[in-house]
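This report walks through a structure for a reader who meets it for the first time. Please keep the sequence and the model in view while reading.

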Amino acid sequence: LLLLLLFFSFCLVVVFTLMMVSSSSLSLSSLFVATLFAVVVSVVCLQSLGLEKVNTKYNVPVDPACVNRTNPPELVSYHIHILFNANNAIQTQAALDLQQWFVSHFKVPIGPKSNCTFPAGDPHPEQLTICAYPTTFLPDGPFPTAQYSFFIPKSFYAETVQWMLQRHGGLDLLVHPNSGCELQDHFEWPVWGGNPWELNPTAFNCDSPGCIPPN
């Protein structure tokens, strides 16, 4: 609806300008200036509606519902990530020790036949228990370094996040929600512990509430 309104207002300005040109024999340069004015008006409309973050640096269009502060989308589930430098043997061992500590404490099955069976970006409200994703030792998806993650249902959020916040030590921790709005989940609504890493925004395929990315 918003885009239709903006397009309609833009068309009105252009039509009005064409009428002026035909009636007063204005130059093409005047038409260009008037058209540019229409573009500026559209941008101002977007900014006045608080949607200036609907920008072009992403591969997917941003659903206005994802940036609606009055009625924001539901945060369906969460991920806990530990990021580390795989070229640092000491840090890698510390990350793997923490992983084993976590799965032992929360009794999380881990391994090729026990890991999460759905795409990492899937909010997956049907999953009621914690599950693990495979450890990646090379940059993969949005992550520029080695990392592993756990899927956290809402009911386990407070317990697991508190546990990890107090035990991640010198490792870098990322906690983010899963709403289907992947860009907001990772760039606007995350919690970092340690050093925040710069994620790759072009790796995401979904940005609308409840969206499930391809596997």
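In which loop does H124 lie? H124 is found in the loop between α3 and β2, where helices (H or I, at least four residues) and strands (E, at least two) are DSSP runs, numbered from the N terminus. The model is a predicted one, in which local features need pLDDT of at least 70 and side-chain atom pairs count only at pLDDT 80 or more, while totals for chains, interfaces and linings use all residues. Residues are numbered from 1 along each chain as its sequence is written, and side-chain values use heavy atoms, with hydrogens and water left out.

Most residues other than glycine have a negative phi. For accessibility, buried means under 20% relative accessible area, exposed over 50%, and partly exposed in between (1.4 Å probe, protein chains only). With a relative accessible area of 16%, H124 is buried, whereas K107, at 70% relative accessibility, counts as exposed.

**Aromatic rings**

A pair of aromatic rings is described by the distance of the centres and the angle of the planes. Rings of Phe, Tyr and Trp (its six-membered ring) pair if their centres lie within 6.5 Å, and planes under 30 degrees apart count as stacked, over 60 as edge-to-face and the rest as tilted. A search of the whole structure finds 12 aromatic pairs, and two of these are set out below.

| Pair | Centre to centre | Angle of planes | Kind |
|---|---|---|---|
| F102 and F106 | 4.7 Å | 45 degrees | tilted |
| F106 and W163 | 5.8 Å | 75 degrees | edge-to-face |

F102 and F106 are 4 residues apart in helix α3 (residues 89-106), which means that about one helical turn separates them. F106 counts as buried at 13% relative accessibility, and W163 counts as buried at 5%. F102 and F106 are both buried. Ring pairs link F84, W101, F102, F106, F137, Y148, F150 and W163 into a cluster.

**Strand β4 and its partners**

Of the 7 residues of strand β4 (residues 172-178), 7 are buried, so the strand is largely enclosed by the rest of the structure. Two strands pair if DSSP finds at least two bridges between them. Strand β1 (residues 77-84) pairs with β4 in the antiparallel sense over 7 bridges, and the bridge partner of H79 in β4 is H176. β4 also pairs with strand β5 (residues 191-193) in the antiparallel sense, over 3 bridges, with L174 standing opposite W192 in β5.

**The largest pocket**

On a 1 Å grid over the protein atoms alone, a pocket is an open set of points where a 1.4 Å probe fits, with protein on both sides within 12 Å along at least five of seven lines, and lining residues have an atom within 4 Å of a point. The largest pocket is lined by 27 residues, of which P119, A120, G121, D140 and P142 lie nearest its centre. β1, β3 (146-153), β4 and α5 (182-187) each supply at least two residues of this lining, and the largest share, 3 residues, comes from α5.
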